[in-house]
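Hi,

Here is the structure I wanted to hand over to you. My notes on what turned up follow below it.

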Amino acid sequence: MTQPNTESTHLSHYPELEAKQSTWQHQFEKGALQNQTILVTGAGDGIGRATAMTYASFGANVILLGRTRSKLENVFDWIETNTETSPVIVPCDLENLDSETVDNLADSIAENFGQLDGLVHNASHLGPKVPIAHYPADEWQKVMQINVNAVFMLNKGLFELLDKSADACVIHTSSSVGRQGRAYWGAYAASKFALEGLSQLFADETETAGRIGVYSVNPGGTRTAMRREAYPLEDPAILPTAEDHMELYLALMCPQDCVSGNVVHFTTGQQLDARNWLENSQ
Ligand SMILES: NC(=O)c1ccc[n+]([C@@H]2O[C@H](COP(=O)([O-])OP(=O)(O)OC[C@H]3O[C@@H](n4cnc5c(N)ncnc54)[C@H](OP(=O)(O)O)[C@@H]3O)[C@@H](O)[C@H]2O)c1
């Protein structure tokens, strides 16, 4: 059990994260992500919102991609007020993502930042929880489009920008049902299996060059809107918060020389489990 660190930190603007930081086994330099550009999808809510706010708090310029403009604007305003970084908003419904939109996004990142150091595929659509025999075909297509096809298109279209970074990191956000199928999880489960495959392919293809670390992370049950939708009767108070997972998200994204404490080396292609990580770090 790690003893809480009672020293004041640079995270006083983000009390939910500061409270967790005192229990972390790893500490990250205040500017660990300075000059890094990181795109987070689904950055307006839940785990994506916490990830964007955390990375900005450690110096990254965060590109906030998401569906609901007002939610992205809230995160943008928080980052502008509380950090010295330069966030960017990209309102985008991934259901309608096409090559032209990805090319425009790549051009805009190239022009403004020159390269991309991190890409967090976090946005996801749950779809209905019904048996395959009753699963609506249009919902199946929608889930696959948002959770898999859009991820493929972003990896493809942003690859050159990731490859320009000396040490880029791509995180694919998976799920327990993407590693072991379970009744009624339908397209969501199938999409997360596909995402795991995509993560492994991308890791294998980029391993030799050694410039991009590619991972899949299963957050496990986390106190967010999606979890409430999947388990409406569950007491959210029993679940970890998104901020509980931020030590892992920082450990994956931060350069090794900015991390102190019980340093862990990740292997590209690795499948990580945030709940295990959390339990082992306390
Ligand atoms: N929470 C859990 O217990 C849990 C467990 C396992 C895996 N996960 C995974 O963790 C990731 C984050 O989920 P969460 O729990 O943080 O969910 P959340 O709070 O519902 O957030 C999901 C985010 O994805 C965005 N999004 C959904 N559809 C989109 C679309 N078509 N285009 C663009 N953005 C879209 C949402 O935007 P809007 O808010 O604008 O709709 C929202 O910002 C997901 O990949 C999920 O599968 C979560």
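**What I found**

Let's start with glycine 181, which sits in the loop between β6 and α6 (helices are DSSP runs of H or I with at least four residues, strands are runs of E with at least two, both numbered from the N terminus). Before going on: this is a predicted model, where local features need pLDDT of at least 70 and side-chain atom pairs count only at pLDDT 80 or more, while totals for chains, interfaces and linings use all residues. Residues are numbered from 1 along each chain as its sequence is written, and side-chain values use heavy atoms, with hydrogens and water left out.

Back to glycine 181: its relative accessibility is 46%, so it counts as partly exposed (buried is under 20% relative accessible area, exposed over 50%, partly exposed in between, with a 1.4 Å probe and protein chains only). Glycine 181 and aspartate 163 are 18 residues apart in sequence, yet 34 Å apart in space, C-alpha to C-alpha.

**Aromatic pairs**

There are nine aromatic pairs (rings of Phe, Tyr and Trp, the latter by its six-membered ring, with centres within 6.5 Å; planes under 30 degrees apart are stacked, over 60 edge-to-face, the rest tilted). One of them joins tyrosine 14 and tryptophan 78: the ring centres are 5.2 Å apart and the planes are at 70°, so this pair is edge-to-face. Tyrosine 14 lies in the segment before α1 (15-21) and tryptophan 78 in helix α3 (residues 69-82), so the pair ties together parts 64 residues apart in sequence. Tyrosine 14 is buried at 1% relative accessibility, and tryptophan 78 is buried too, at 17%.

Then there are tryptophan 185 and tyrosine 231, with centres 6.0 Å apart and planes at 45°, so that pair is tilted. This one also links distant parts of the chain, 46 residues apart: tryptophan 185 is in the loop between β6 (168-173) and α6 (186-206), and tyrosine 231 in the loop between α7 (225-230) and α8 (246-253). Tryptophan 185 is buried at 8%, whereas tyrosine 231 is partly exposed at 26%.

Elsewhere, Trp24, Phe28 and Phe58 form one aromatic cluster.

**Helix α8**

Eight of the eight residues of α8 are buried, so the helix is largely enclosed by the rest of the structure. Among them are Met246, Glu247 and Tyr249.

**One more loop**

Aspartate 98 is in the loop between β4 (88-91) and α4 (99-113). Its relative accessibility is 35%, so aspartate 98 counts as partly exposed.

Cheers
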